[in-house]
Amino acid sequence: MQNQSLSLDRFSVGAGAARNALTESAAVRWLLTGLALAFLALILVIPLVAVFTQALDKGLDAYWAAITEPDAMSAIRLTLLTAAISVPLNLVFGVAAAWAIAKSKFRGKSLLITLIDLPFSVSPVISGLIYVLIFGLQGWFGPWLAEHDIKIIFAIPGLVLATIFVTFPFVARELIPLMQAQGTEEEEAALVLGASGWQTFFRVTLPNVIWGILYGVILCNARAMGEFGAVSVVSGHIRGLTNTMPLHVEILYNEYNFAAAFAVASLLALLALFTLAAKTLLGKKVRQEAQTTTK
Amino acid sequence: MSIEVQKITKKFGTYTALDQVDLTFPSGELVALLGPSGSGKTTLLRIIAGLETPDTGRVLFAGEEATNRHVRERQVGFVFQHYALFRHMTVFENIAFGLTVRPRGERPTKARIRDRVMKLLGLIQLDNLADRYPAQLSGGQRQRVALARALATEPKVLLLDEPFGSLDAKVRQELRRWLRRMHNEIHVTSVFVTHDQEEALELADRVVVMNQAKVEQVGTPEEVYENPVNPFVFNFLGNVNLFHCRDQVAGEFWTNSAAAISASAGEKVGTVGYARPFDIQISRTADTNEDIAAIVLFIQGAGALPRIEMRRPDNGQIVQAELPRDRFRQLGLRIGERVFIRPTNVRVFEPNYRI
């Protein structure tokens, strides 16, 4: 008995020493944490506070007027519309691509993965320009489109196309590693038990990644609503018609209408805060999803 | 339902997993596919299930061509090595899955499905865990749920991939016995893959020993253990000692064959003799001049048969022996001691076939 307690003592001393060996002294810890926090305050918190103080600089009435002004309302509507079209499309595409990449073997798989990443590596301005070059008046299909009176560039279809291109990787990128980690055994089990391809997809594959999908959609939506560069190129900045919220902020700012610019910007900032919160909550769920393998 | 595979070949790139394999699994038997990893046994199981397509060859179910039949039409039950339970479904939903995905016309009523699942839960003794999720179960419980799920659709064939591979020894023993009992009750043709010879010998009606994409031997556990056809099978089914023999005598089973064993090193040898550790006798004195001298290296006294490891000073070879308990106690061996060994049963195979 005595022996046991002795060895236990030694063990706990050993564990304590090990803990100390992996931890810096208190001063160093405070310094590092303090540095990180100061940096965060400087580049994140102060600007965020500035957005809201500037927005409310002239009072709540002015804030409300800036947001409900017809051009601002139209910009908000257009932003919501663009996101409402491009996010579902990218959701379907992302799930399909991730499923193909993670669950099956085919030629050209690595090429597909590279292509999915393309929008991340291309400057958004170039992304917009691509569509101008293809669908613009001087572009490949421009004359034909003009003949048939179809407007893509400087119109809503152009905005949607550019947004889809830019937000294209989010859902797929989120799902591919998750699905790969989960493997294909459950799908095989479903097939052996007599499930059809669709049944396997909807009853086994999809429920296993549902939080991952939501996570991807949140990120995709945030980018779709906040995108500036690509949209700016194809929009043509027609007030009340092809101005999304970020573009509207720019116009107001250039007109020295700071309070209004920051009012609209504060809406985008709120979206960012909401996204951040949702992301944190969902991130936990996604990690659980990846970990609760039945192994 | 009987299963037959004919001339099955399967390659993954340049790697040959199966090479012209012919096998028959008689109806109602429990067959073990036994072999080291990479011997192609799991690939064969997956080909029978329809999860893998063979490059050449045919699969017959009850004499009917099934090579191109889709996996969901084969009516096989498959138990995966890591169980592959549906992680977002409860135990109940997991077991019911095979019944609920049937087309509307063939699907049993909800009450029927419930009855069937509850019956299976009783069979696997997990009645009270129907609402648990797989993550909340122990390994042994998951394995039993996987079995119940596979049995729910009343498959014609039950295929198990390393069914007890990731369980600890105690649970493994228990589940083995349980599987044996269950097979005696429902008598569905069953094939299980294992690399554990003990498991194969204990559980199976018939053992298929595989190595490097080929079948080495097929037979009852007694047949493959008592009459292995080559050194690989002999070695794979248990520990073995090698002796280089003077005489070229092949294919005979020698008893008291010490006369054929060369005690000297460096001599030109032709044939290799194989002896199990429990067929080695140890004594303090040389009874005949054919006895081989050895130095005791290591003694493992625990267990049913104490194990003694020795080295022959003449050629440096390690010899393992297992002694009955009372003989071990009577001898009272010590490490470093010089003893004499005599193999009592030596098996000799074709000279060109070595381990």
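What volume does the largest cavity have? In this predicted model, the largest cavity has a volume of about 40 Å³. A search of the whole structure returns 2 cavities of 30 Å³ or more. The lining of the largest cavity consists of Thr79(A), Thr82(A), Thr163(A), Ala224(A), Met225(A), Glu227(A), Val231(A), Thr244(A) and Pro246(A). Two helices of chain A, α4 and α12 (210-226), each contribute at least two residues to that lining.

**Pocket and helices of chain A**

The largest pocket holds about 460 Å³ of space. Its lining comprises 15 residues, and those nearest the centre are Trp99(A), Lys103(A), Glu187(A), Glu188(A) and Leu191(A). Helices α4 (70-103), α10 (185-192) and α11 of chain A each give at least two residues to the lining of the pocket. Helix α11(A) has the largest share, with 4 residues.

Helix α11 of chain A runs over residues 197-208, 12 residues in total, and spans 16 Å between its first and last C-alpha atoms, close to the 16 Å expected at 1.5 Å a residue. Which residues of α11(A) are buried? They are Thr200(A), Phe201(A), Val204(A), Thr205(A), Leu206(A) and Asn208(A). An α-helix has 3.6 residues a turn, so residues three or four places apart point the same way.

Helix α12 of chain A contains Ile210(A). Ile210(A) counts as partly exposed because its relative accessibility is 39%. The C-alpha atom of Ile210(A) is 9.5 Å from that of Lys285(A), although the two residues are 75 apart along the chain.

**Nonpolar surface of chain A**

A nonpolar surface patch of about 880 Å² is formed by Leu37(A), Phe39(A), Leu40(A), Leu42(A), Ile43(A), Leu44(A), Val45(A), Ile46(A) and Val49(A). One of these residues, Leu37(A), belongs to helix α2 (residues 26-55) of chain A. Leu37(A) has a relative accessible area of 53% and is therefore exposed.

**Salt bridges**

Over all chains, the structure holds 20 salt bridges.

| Pair | Closest N to O distance |
|---|---|
| Arg176(B) and Asp196(B) | 3.6 Å |
| Arg307(B) and Glu309(B) | 3.9 Å |

Lys7(B) is partly exposed at 45% relative accessibility, and Asp22(B) is partly exposed at 38%.

Are the partners in the bridge between Asp196(B) and Arg176(B) buried or exposed? Asp196(B) counts as buried at 18% relative accessibility, and Arg176(B) is buried at 3%. A salt bridge links Asp196(B) to Arg176(B). Asp196(B) sits in the loop between β8 (189-194) and α6 (197-203) of chain B, whereas Arg176(B) is in helix α5 (residues 169-186), so the pair ties together parts 20 residues apart in sequence.

Arg307(B) and Glu309(B) also form a salt bridge. Arg307(B) is partly exposed, with a relative accessible area of 22%, and Glu309(B) is partly exposed at 22%. Elsewhere, Arg172(B), Arg176(B), Asp196(B), Glu199(B) and Glu202(B) are joined into one network by salt bridges that share partners.

Notes: Residues are numbered from 1 along each chain as its sequence is written. Chains are lettered from A and ligands numbered from 1 in the order in which they are written. This is a predicted model: local features need pLDDT of at least 70, side-chain atom pairs count only at pLDDT 80 or more; totals for chains, interfaces and linings use all residues. Side-chain values use heavy atoms; hydrogens and water are left out. Patches are made of residues with over 30% relative accessible area and no salt bridge: like charges are joined within 9 Å, nonpolar side chains (Val, Leu, Ile, Met, Phe, Trp, Tyr) within 5 Å. Accessible areas come from the Shrake-Rupley method with a 1.4 Å probe; for residues, only the protein chains shown count as cover. A salt bridge is a side-chain nitrogen of Lys or Arg within 4 Å of a carboxyl oxygen of Asp or Glu. Buried means under 20% relative accessible area, exposed over 50%, partly exposed in between (1.4 Å probe, protein chains only). The expected span of a helix is 1.5 Å times one less than its number of residues. On a 1 Å grid over the protein atoms alone, a cavity is a set of points where a 1.4 Å probe fits but cannot get out, and a pocket is an open set with protein on both sides within 12 Å along at least five of seven lines; lining residues have an atom within 4 Å of a point. Grid points are joined across faces, edges and corners, and a volume is the space filled by probe spheres set on the points.
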